[in-house]
Amino acid sequence: MNDDGDGFLDVNDPLPLDYNFADGDLDASGEVNAADIPIAERITLDPETATRLYLQHGDVRPLAALDGIIDLSVTLMIVREALAPDTL
């Protein structure tokens with residue numbers, strides 16, 4: 001079952017009722033860029049600052065590893081994508 005239509009089965013979906021964009025675009029600019037980096041860093045240091053929208057866009061791990069958490073490994077993936085596009 002896929003209640004939110006994002007392509008992730010609910011059993012594996014960390015946010016089963018919210019669409020997972022998993023694109024790293026935390027500032028909703030339409031692309032991953034340098035503005036997304038401080039947002040990811042802030043969430044890594046203080047996870048309680050993560051809004052549902054940030055979690056929908058921020059967890060860029062591969063499908064099998066999605067957990068709805070933006071931690072250091074995810075932040076580094078976002079940094080890499082912001083500095084060298086098309087690496088996610």
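Which relative accessibility does Thr49 have, and does Thr49 count as buried, partly exposed or exposed? At 26% relative accessibility, Thr49 counts as partly exposed, where buried means under 20% relative accessible area, exposed means over 50%, and partly exposed lies in between (1.4 Å probe, protein chains only). Thr49 is found in the loop between helix 1 and helix 2. Leaving aside neighbours within four places in sequence, Thr49 is in contact with Arg42, Ile43 and Tyr54, a contact being heavy atoms within 4.5 Å. Thr49 and Ile39 are 10 residues apart in sequence, and their C-alpha atoms are 9.2 Å apart in space.

The structure is a predicted model, in which local features need pLDDT of at least 70, side-chain atom pairs count only at pLDDT 80 or more, and totals for chains, interfaces and linings use all residues. Residues are numbered from 1 along each chain as its sequence is written, and side-chain values use heavy atoms, with hydrogens and water left out. The pLDDT, which is the predictor's confidence in each residue on a scale from 0 to 100, averages 84 over the protein. A score of at least 70 is reached by 78% of the residues. Among the elements, helix 1 has the highest mean pLDDT (96) and helix 2 the lowest (87). Where pLDDT is low, predicted coordinates should not be read in detail.

The protein contains 3 helices and 0 strands, and its pattern along the sequence is α-α-α. Helices (H or I, at least four residues) and strands (E, at least two) are DSSP runs, numbered from the N terminus. Of the 88 residues in the protein, 40% are buried. The accessible surface comes to about 5000 Å², and 60% of this surface belongs to carbon and sulfur atoms; the areas come from the Shrake-Rupley method with a 1.4 Å probe, and for residues only the protein chains shown count as cover. Among contacts with a separation of 6 or more, 41% are between residues 24 or more positions apart.

The largest nonpolar core has 14 residues, of which Leu26, Ile39, Ile43, Tyr54, Ile70, Val74 and Ile78 touch the most other members. At least two residues of this core come from each of helix 1, helix 2 (52-58) and helix 3 (72-83). A nonpolar core is here a set of buried Ala, Val, Leu, Ile, Met, Phe, Trp, Tyr and Cys residues joined through side-chain atoms within 4.5 Å. In soluble globular proteins, nonpolar side chains tend to be buried together. Ile39 touches Leu26, Asp27 and Tyr54, when residues up to four places away in sequence are not counted.

In helix 1, the buried residues are Asp36, Ile37, Ile39, Ala40 and Ile43. Seen down the helix axis, these residues fall within an arc of 165°, so they line one face of helix 1; the arc is that of the directions from the helix axis to the C-beta atoms. They pack against helix 2 and helix 3. Pro38 also lies in helix 1, but counts as partly exposed because its relative accessibility is 44%. The C-alpha atoms of Pro38 and Asp27, 11 residues apart in sequence, are 10.0 Å apart.

In helix 3, the buried residues are Val74, Thr75, Ile78, Val79, Glu81 and Ala82. They cover an arc of only 165° around the axis, and therefore sit on the same side of helix 3. Helix 1 and helix 2 are included in what covers them. The face turned away from the buried side carries the exposed residues Leu72, Leu76 and Leu83. The 12 residues of helix 3 should span 16 Å at 1.5 Å a residue, which agrees with the 16 Å between its end C-alpha atoms; the expected span is 1.5 Å times one less than the number of residues.

Ala28 has a positive phi of about 55° although it is not a glycine, and counts as exposed at 58% relative accessibility. Ala34 is exposed as well, with a relative accessible area of 52%. Ala34 and Val79 are 45 residues apart along the chain, with 7.6 Å between their C-alpha atoms. In the loop between helix 1 and helix 2 lies Asp46, which counts as partly exposed at 37% relative accessibility. The C-alpha atoms of Asp46 and Ile70 are separated by 10.0 Å, while the two residues are 24 apart along the chain.
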